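Thanks, everyone, for making the time this morning. I would like to walk you through one model, so please have the sequence and the structure open while I talk.

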Amino acid sequence: MGIGTYSVRVVDVLHVFAHKLGISSEAPESNIVYLIWNIRFPRILMGIFVGCALAISGAAVQGLFRNPLADPSLIGVTGGAMLAAVIFIVIGGSLLAGAPVMVQYFALGIFAFLGGLASTFLVYRLASLNQGAQTSTLLLAGVAITSITGAVAGFFIYFSTEEQLRDITFWTMGSLSGSNWMSVLVVAFPVLFSSVILYKQARGLDALLLGEEEAEFLGIEVRKLRSRVIIHGAVLVGVCIAMVGMIGFLGLVIPHLVRLYKGAKHHFLIIASGFLGAIVLVLADLLARIVVQPAELPIGILTALIGGPFFFYLLLKSKHQYL
Amino acid sequence: MSIRADKISLQIKKQEILKDISWEARSGQLSVIIGGNGAGKSSLLKVLTGQWKAQEGSVHYGNKTIDQYTQAELALKRAVLSQQIKLTFSMSVLDLVLLGRYPHVIHQVGRKDKEIAMNMLEKVGMQDFAKREIFSLSGGQQQRVHMARVLAQIGDSSKAQALFLDEPTNSLDIHYQHSLLDMAKQVAQEMKLTVIAVLHDMNLAARYADYIAVMKQGQLIQAGTPEKILNATLIKEAFGVESVILEHPVLNCLQVITYYS
């Protein structure tokens, strides 16, 4: 927490916490308090929640689709959120031009979140058109919706101004830099709630490893399980995208890392993915803050740049027991 | 628990798949369904397991119809070994067998579940592989592990239960084809299970089945013990091939030699 463009000694960091918790009555320098308590601490908490949410939803969605390449974009949530955000930046931004920054910030988030949920719902409805949702049609519907939203977003991007284009680009690369106590609270509740619900599906997801028919033979109501995983997976990802933009890759890779070392049982997988996701994102954010000081790298670039090759290395190393 | 089909008819997209099938499989016996491709064997199995619902007729488990059970209750009544199970993510053999305990477990598997799982692995001769990853085993070994899993689902079978096998010998070599059906027959007797298997191979059916049901074009054309029903006329009708039926030279069962003319 002390590391960054403006470095703070560990003692001072502890001092800020001691003061905030009422242990130390002596107040530290106020700009240090502000930096630590109002900027860096919420940012770290945001990293924890977002990393945890992306990894858990990735683990659950991969379990549902029984596909190692599945990630939450397959259920349409990222595509919808992306489109909503682009529309908002291109059109809504001018409407809200006079509004306070805070309002603009949250409005974009809410818009993206709703867009994500709406497209997930659409994917689900499309897949259920004939005889209830089949997982394979769900997958295809997800791919279709994602490419359609991508195309429409491209259309808006084509008509955007230079400045809007810049905003869009930064948004798609994700960043934790806007985090404050308010946004942390907004993220915390849905993330905790939906993570717990997904954790409760762990045994069902275990049975689903055998296939949908087999899971039904074991007494699982696959349809219920599927809609729960989709809804709560979409909430987790939607909330994160809404608050910090797109942070790719985490949801895909973290669950694989856990599986490589501890197998595919979902109780452990979901919890461990949550922890690992949180740790990795906080560390990545730290790197994002310090590598090009005093500027900041968008965190999405870092997660992909470091994670990709690392993942590849792990796969090569263990190709015989895995996949 | 006997399993009884009562006047079952099934249509899918206006096509008649099963026509007016009435049949009963008894506990303690291995009942085998045979028939050519597209005869409706697997469809009948799907209706009997409760996976598909027939438009007409009913399926009875003991003295209740199958609709009176919830999915979870049904999982305590019957286990099903499917033709092909493709896993995406590997896991240990023991963990896979423990999945069979799912319907019996409220939260986490306990010591008793592990004991049952190990017993069943021993039954299929795979106890030494418990800690191995499932992907490191051959197809035949995997099939045996899945057999252990469905047996673990049945468990100690203090309640009357059923086991369905959908072409269980498909991926197995000759040795394991025999050993799997031998095992199926054994568990039927020992655990008083109603075992229903779909098979292609008439000689395996003749050797192991207590009872055979022969299907053709969605209808049940003959049912009874192998000795009673297997004859050249029936085989000609069901499969469209000529045949000679002999006494097995060593064992006390029939032997079917088929030919095409």
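Let me begin with a cut-off, since I will need it in a moment: a residue is called buried if 20 or more other C-beta atoms lie within 10 Å of its own, and exposed if 12 or fewer do. Please also keep in mind throughout that what you see is a predicted model.

Now take T169(A), which is found in helix α6, residues 162-173 of chain A. Is T169(A) buried or exposed? T169(A) has 11 C-beta neighbours inside 10 Å, and therefore counts as exposed.

Along its principal axes, the C-alpha trace of chain A spans about 65 × 45 × 35 Å, and buried residues account for 47% of the 323 residues. If we take the contacts in chain A between residues at least 6 apart in sequence, 77% of them join residues at least 24 apart.

Let me turn to chain B, where four strands form an open sheet in the order β2-β1-β4-β5, with antiparallel pairing. The edge strands are β2, residues 15-25, and β5, residues 64-65, each of which pairs on one side only. Within that sheet, strand β1 of chain B, residues 3-12, pairs with β2(B) in the antiparallel sense over seven bridges, and I8(B) stands opposite I21(B) in β2(B).

Finally, how many residues does the contact take from each chain? It takes 22 residues from chain A and 24 residues from chain B. On the side of chain A that touches chain B, α8 (202-208) and α9 (212-217) each supply at least two residues, and the largest share, four residues, comes from α9(A). Sorted by class, that side of chain A has eight nonpolar, five polar and nine charged residues.

That is the tour, and I am happy to take comments.

How values were computed
Residues are numbered from 1 along each chain as its sequence is written. Chains are lettered from A and ligands numbered from 1 in the order in which they are written. This is a predicted model: local features need pLDDT of at least 70, side-chain atom pairs count only at pLDDT 80 or more; totals for chains, interfaces and linings use all residues. Two strands pair if DSSP finds at least two bridges between them. Two residues are in contact if their C-beta atoms, placed from the backbone, lie within 7 Å. Ala, Val, Leu, Ile, Met, Phe, Trp, Tyr, Cys and Pro count as nonpolar, Asp, Glu, Lys and Arg as charged, and the others, Gly among them, as polar.
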